[in-house]
Structure formats: structure tokens, C-alpha cells
Amino acid sequence: MTPVPAPQDGVGYLGPAGTFCEEGLRRLDPDTAESAWPAPTVAAALETLREGVLAEALVPFENSVEGSVSATLDELIRGEPLVITGEVHVEVEFALMARPGTDLAAVRRIATHPVAEAQTRDWIAAHLPGAEVIPESSTARAAVLVAAEVYDAAIAAPLAAERHGLNILVGGIADRPGAVTRFIRLARPGHIPEATGADVTTLVAYLRHNHAGALLDLLNQFAMRGVDLVRLESRPTGEALGQYCFAIEALGHLREPRVAEALRGLHRVCAQVRFLGSYPRAQAAQTPVPEVATAQAYDAARVWVERLSR
């Protein structure tokens with residue numbers, strides 16, 4: 001099958017068609033979903049964006065059961081800079097699907113993505129204990145190969161059955177109902193969405209020296225300014241064994257004084273800080289700010305110091 005080229009200045013997402021990522025794009029930007037480019041991999045989506053072919057790309061970033069999507073996080077840590085401009089959360093619903101005329105008793109070989117297999121393992125063991133599970137690059141590709149008569153059945157999003165002419169044999173087969181995948185919209189640097197009061201800032205910090213208390217120095221930049229961290233994850237830099245950086249997500253926006261001050265502090269104590277964006281949270285609850293960390297408190301402190309220096 002000849003790959004479909006990415007549209008100039010269009011939108012890409014992790015394909016193929018029928019993935020949860022496509023569903024996320026339909027929710028976030030339904031007007032562009034029909035013409036969006038299904039990238040074969042996360043790396044292909046982001047590299048095409050970096051090259052200036054795409055204007056935006058939507059890729060998975062985090063799952064409530066499996067944690068970070070390392071392919072995306074590592075691309076953002078090591079590749080040419082990109083920024084996150086938005087996010088969408090999609091509840092993950094897995095279904096077992098097959099070609100019309102196939103019944104559950106005939107299923108011997110099931111294809112799916114390893115993450116989907118991990119989230120449906122108990123169901124498979126209970127209902128299809130003799131079936132072989134074959135890993136594929138995506139749940140949607142698994143559905144494509146079932147339609148092509150390579151496998152008996154696939155575990156994928158219900159949208160994949162609709163897309164590829166399959167019947168859903170059993171729906172809602174996740175071992176943990178209610179699991180959510182978080183998808184992020186990426187663009188080239190140059191645009192930061194306006195602050196909404198319900199924002200998150202994502203960045204990567206590289207320690208200057210690995211000494212006792214180095215991580216505490218980093219965390220203090222946020223704590224002393226009343227900035228709440230919702231995610232902290234160490235990742236290898238890829239340069240040498242034992243060298244790590246920290247992916248950080250903080251509630252707040254770069255244009256808030258307390259967040260800007262925290263980033264200035266990080267810049268002083270870290271070897272490098274990679275800013276990955278300030279953008280509205282999918283869960284749009286307002287972020288509570290301590291009274292001593294409000295914009296008014298920072299402005300009053302600035303005015304006081306200016307008066308002292310006159």
C-alpha cells in the first residue's frame with residue numbers, strides 16, 4: 001500500500017485511521033479530522049511537523065493505566081524543539097472485532113497493540129484462554145490486518161470496526177473500565193495560548209551537577225512560589241548510562257508571575273531547561289493559587305522593591 005503524503009500546512013495524528021488518536025482529534029478539532037494525515041509512527045508525525053510540512057500534530061502522551069508514552073516523551077526530550085498548544089482526554093474503550101460471519105468460538109489469533117493487550121489481559125485469559133495474542137504497531141493496524149484475513153480478530157477502538165468493515169463481537173473488554181489516554185497537540189515554537197486560569201506548563205529540566213540535594217534544588221523553585229506539580233518523571237538523556245533529565249508538569253501558565261519566576265529559578269540551577277508549552281488543561285477546573293503567590297502579591301512586592309531603590 002502506497003503511503004498517503006502529509007498535507008502541506010495540515011494536521012497529522014498517530015495513525016492509521018480508526019485509532020484512539022483519531023477519535024481525540026475529532027473531539028479537539030472536528031473540522032480538520034476528515035482531511036488529517038494518519039502518520040505511521042509518533043516519530044514520523046513529529047519529524048514531518050518539524051520539517052514544516054504539517055502545521056500541527058496530535059500524538060498520545062500519557063495513559064492512566066500504563067503511564068507515559070515513552071515514544072512521545074523521548075521525541076520531545078531529544079528532538080528539535082516543539083511546543084504543546086492543547087490537549088484532549090479520551091476514555092479508552094476496547095472491543096474485540098472480527099470479519100462478518102466470525103463468531104467468538106472461531107477466534108484463535110488476536111492482534112492488538114501491546115498497551116491494549118496489557119489492559120485486556122484478564123478478559124482474554126477468562127474468555128479466550130487458548131487464543132494467541134500477536135503484537136502490532138497500533139490497534140487500528142490490527143483491525144486492518146483482520147480485514148485482510150491475516151488474523152481472526154483484533155482488540156481495538158470501536159471506531160476501527162466502523163472504519164474497516166468489522167463486526168464487534170464483544171465490547172467493553174478492558175480490565176479497568178474508565179482508563180483514559182491523554183493526547184497532546186503540538187506545533188513548532190512561536191505560539192503560546194493565552195492563559196485561562198486552568199492551565200498546565202510542561203518542561204524538561206537537566207540537572208547541572210548530580211549532587212546530594214540536586215533534585216530538591218529543582219523542586220524548591222516551584223514550592224517556594226506556590227506552584228503545584230502534577231507530574232515529575234525521570235528519563236534517560238540518551239547520552240550516557242546514569243544521566244537523566246526530569247519531565248515536569250506544573251499547574252499554571254508561563255504568563256503568571258509565579259510560574260515565570262519558577263522557570264527563572266530553574267534556569268539558574270539547571271544545565272538546561274526545555275520549555276514544552278503552557279496551554280489549557282482538558283479538565284478545565286480553575287487552579288487555586290495561594291494568596292502570597294497571586295499576580296497581585298507579586299506586583300505589590302515589585303512596587304515595594306522599586307520604592308526602596310529610589
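A: Start with pairing between strands: two strands pair if DSSP finds at least two bridges between them. One caution before the case itself is that this is a predicted model. As an example of a bridge, L203 has F275 in β15 as its bridge partner.

Q: How many bridges join β12 to β15, and in which direction do the two strands run?
A: Strands of a sheet pair through backbone hydrogen bonds, either parallel or antiparallel. Here β12, residues 199-207, is joined to β15 by nine bridges, and the two run antiparallel. Besides the pair already named, V200 stands opposite Y279 in β15.

Q: How many bridges join β12 to β14?
A: Seven bridges join them, again in an antiparallel arrangement. Within β14, E249 is the bridge partner of T202.

Q: What is the strand order of the sheet?
A: The order is β13-β14-β12-β15, in an open sheet of four strands with antiparallel pairing. Its edge strands are β13 (229-236) and β15 (270-280), each of which pairs on one side only. From one strand to the next, the twist averages 15°.

Q: Which helix lies across β12, β14 and β15?
A: That is α9, residues 257-269, which runs at about 160° to β15.

Q: How many residues of β12 are buried?
A: Burial is read from relative accessible area, and under 20% counts as buried. Eight of the nine residues of β12 are buried, so the strand is largely enclosed by the rest of the structure.

Q: Which residues of helix α8 are buried, and which are exposed?
A: For a helix, look at where the buried positions fall around the axis. In α8, residues 214-223, they are A214, L218, Q221 and F222. These cover an arc of only 100° around the axis, which puts them on the same side of α8. L216 and A223 are exposed on the other side of α8. The buried residues of α8 pack against β12, β13, β14, α9 and β15.

Q: At what angle do α8 and α9 pack, and how far apart are their axes?
A: The angle is about 160° and the axes are 8 Å apart. Angles over 145 degrees count as roughly antiparallel. That makes α8 roughly antiparallel to α9. The crossing in which α8 passes α9 is right-handed. At this contact, L218, Q221 and F222 of α8 meet A262, G265, L266, R268 and V269 of α9.

Q: Is V180 buried, partly exposed or exposed?
A: V180 is found in strand β11, residues 180-187. Its relative accessibility is 27%, so V180 counts as partly exposed. Apart from neighbours within four places in sequence, V180 is in contact with E62, N63, S64, H89, V90, E91 and V92. V180 and P60 are 120 residues apart along the chain, while their C-alpha atoms are separated by 11 Å.

Q: How many helices and strands are in the chain?
A: The chain has ten helices and 15 strands. Its C-alpha trace spans about 85 × 40 × 40 Å along the principal axes. Of its 310 residues, 45% count as buried. Among contacts between residues at least 6 apart in sequence, 77% join residues at least 24 apart.

How values were computed: Residues numbered from 1 in each chain as written. Predicted model: local features only at pLDDT ≥ 70, side-chain atom pairs only at ≥ 80, totals over all residues. Heavy atoms only, no water. Axes fitted to C-alpha atoms, helices over the stretch in contact; angles between N-to-C directions. Contact = heavy atoms within 4.5 Å. Buried < 20%, exposed > 50% of the residue type's maximum accessible area, 1.4 Å probe, protein only. Arc of directions from axis to C-beta. Parallel < 35°, antiparallel > 145°, perpendicular 65-115°, else oblique. Left-handed = near helix turned anticlockwise from the far one by under 90°.
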